[in-house]
Amino acid sequence: MNIEKRKKQKSVAKSDDTAPKKGTIKEKHKRSRQEKAEIRHTSVFMFPSLAGVLLFFVVPFFIVIVYAFVDNTTNMEFVGFENFSSLLNNSAFQMALRNTGIFSLISVPLVVILPLMLALILDTNIPLKSTFRTIFLSPMVVPAASVILIWQVLFNYNGVANDFLALFGVDKIEWFKSDYGIIVVVLLFLWKNIGYNMIMFMAALSAIPKEIVEVSMLDGCGSFRRFFSIKLRYLVSTISFVTIMSLINSFKVFREVYLLTGDYPYESMYTLQHFMNNTFGRFDYQKLSSAALVLSLVMILIISVLLWIDNRAGKEIEE
Amino acid sequence: MTEDILLDSSRFPEKRKKRKLKPKRVIFVILAMIILITFAVLFLFPTVFTFTNSFMSTTEISANYGKIFTGLGVSGDGGRVFIADKVNLKLIPDKVTLSQYFTVLVKSPNYLLKFWNSVIYVLPIVIFQLLVASGASFAFARMDTKFRALIFFVYIVLMLMPYQVTLVPNYLTLDKLNLIDTRFAIILPGVFSPFAVFILTKYMKRIPSAIVEAAKLDGAGEFQIFFRIFLPICKGVLYSVAILIFIDYWNMVEQPLILLKNTELYPLSVFLSKINEGDTGIAFATASIYMFPPILMFLYSEEYLVEGIAYSASVKG
């Protein structure tokens with residue numbers, strides 16, 4: 001029905017456009033002149049930002065594109081996709097890509113589900129709600145560098161984490177020098193990001209029309225059914241948004257690893273940013289440029305999905 | 001809708017009708033509290049321990065943690081080397097002392113210098129990013145042409161790009177301008193970061209156009225509309241964005257590592273990891289000092305922070 005309605009509106013708009021031809025054209029012209037003046041006047045405000053973004057991001061990015069296709073920055077000879085093939089065959093890059101992928105695969109589901117659970121609990125009538133919210137949000141503001149010591153103490157070979165696991169008969173683990181290292185990083189990532197995502201879910205939950213929830217309660221709808229058949233429908237767009245944002249953020253997990261283990265961590269913790277840092281150290285512009293280009297293409301793909309979801313969610317709310 | 005968002009500062013209603021206590025509900029509350037308290041303990045624990053341990057004397061620190069943070073792996077295989085026979089994690093020190101703070105603040109000003117480095121980077125970035133961004137957002141919100149929509153789209157994409165991508169172009173420009181290894185290398189890209197533009201534009205688009213029309217009838221120019229109408233309305237959201245930018249840059253690690261060679265210019269967020277390797281006692285005190293400003297800011301203006309996050313919860317306006 002809604003679609004029909006919209007079609008009708010569209011056709012009405014179209015016929016409006018075509019009917020009094022002369023009038024609209026004149027009006028359009030008039031309006032556009034006024035608009036042009038306004039556009040001119042407001043451009044002044046945009047200029048500083050635009051100039052900066054062009055200077056530091058956009059223009060050099062085109063240079064990056066050029067660099068990715070030449071042999072070196074002085075000779076500037078076109079070499080096609082050679083840089084890319086050597087990048088993709090680079091074992092360090094492969095390792096970084098694989099590690100980042102594994103990390104995202106583990107951490108993203110957790111960093112969506114746990115905050116959603118907390119937000120749902122805090123959405124009910126429970127004591128000390130705002131205190132809990134403050135506590136869950138607090139890691140976001142604490143600099144990672146400040147708490148890294150505690151993390152190192154916890155996951156030391158003779159540290160508390162191993163003592164705790166010993167209670168269950170688990171052997172001691174060399175956290176920072178084994179494949180388990182990724183668990184430490186995931187925990188740190190969760191600690192830092194759960195609060196942020198929880199706030200987004202809380203905002204989405206508070207936007208659900210109360211009448212609907214109340215009516216369902218009067219109808220004797222249990223809390224589980226209420227969640228799955230009512231709340232979840234309103235949360236779908238937020239969940240997908242948070243998922244993709246978390247995916248994007250999971251690419252950025254370098255800071256914590258670097259602070260924990262330095263420039264050259266154990267293999268399983270070698271991330272893309274480590275690769276970039278070390279390539280920067282060698283001034284290998286070709287490798288840097290092609291890596292930046294490959295990654296930006298991957299990101300653009302993910303961002304397009306994000307925008308598509310956002311667009312669709314917007315339309316759903318309209319309907 | 002627009003009025004609602006402009007005026008309503010408490011987006012999460014705390015008050016609700018009280019219901020009768022049913023046994024099912026009691027069980028739910030108990031279960032929920034167990035979950036919440038477990039998470040709360042896990043979430044608070046690193047911050048609280050860092051803080052309390054900063055009051056330990058050097059001897060107590062080395063007795064408890066041994067030589068955990070000695071040495072640095074040189075090549076590809078290891079990272080830092082961890083040596084400790086037994087680690088005791090202690091919440092309350094046996095003897096509370098301010099000696100570590102005394103060392104950091106008075107005896108070796110080197111650490112304090114790095115703290116000032118952080119301030120010198122973060123304050124200009126917050127102030128100028130807000131200034132530059134509010135102008136751009138005004139233009140985006142006032143006149144939404146196709147061309148501007150395209151530019152705004154580029155801003156969003158840039159905002160979402162990780163450092164692996166953006167630092168390379170940043171580096172190229174800074175290198176051409178001979179700014180690598182200067183404070184401007186950190187400040188300038190920060191000032192033009194598109195993050196603030198994104199949230200401010202979304203907010204400004206909700207300002208009713210009737211207000212603008214009325215002002216224009218009264219003969220207000222664009223500058224007056226910007227300074228007299230838009231900026232005052234945006235006071236709250238500007239503060240929210242300021243907090244978000246502050247937290248982000250106070251925490252920075254990636255940019256200094258690549259754009260600065262001289263470690264004297266490092267902000268404390270990077271330098272802390274260097275202290276950690278050497279003097280554990282001082283490291284706790286320095287870490288505590290470093291987390292003070294953002295935590296204070298947070299406790300005083302949590303509502304603004306929460307609102308800022310809620311505003312960022314969608315890509316489109």
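**Close-up views of chains A and B**

**View 1. The contact between chain A and chain B.** Chain B gives 95 residues to this contact, and chain A gives 91 residues. The largest share of chain B's side comes from helix α2 of chain B, residues 23-53. That helix supplies 12 residues. By class, the side of chain B that touches chain A holds 65 nonpolar residues. Another 18 are polar and 12 are charged. The model shown here, as in every view, is predicted.

**View 2. Helix α8 of chain A against helix α16 of chain B.** Two packed helices are described by the angle between their axes and the distance between the axes.

**View 3. Residues where α8(A) meets α16(B).** From α8(A) come Y196(A), I199(A), M200(A) and A203(A). They meet V306(B), I309(B) and A310(B) of α16(B). This helix contact has 7 nonpolar residues. It has no polar and no charged residues.

**View 4. The two domains of chain A.** Domain 1 of chain A covers 2-68, and domain 2 covers 84-318. Their contact takes 4 residues from domain 1 of chain A and 6 residues from domain 2 of chain A. On the side of domain 1 that touches domain 2, 4 residues are nonpolar. That side of domain 1 has no polar and no charged residues.

Conventions:
Residues numbered from 1 in each chain as written. Chains lettered and ligands numbered in written order. Predicted model: local features only at pLDDT ≥ 70, side-chain atom pairs only at ≥ 80, totals over all residues. Contact = placed C-beta atoms within 7 Å. Helix = DSSP H or I, 4+ residues; strand = E, 2+ residues; numbered from the N terminus. Nonpolar A, V, L, I, M, F, W, Y, C, P; charged D, E, K, R; others polar. Domains from an automatic or database assignment.
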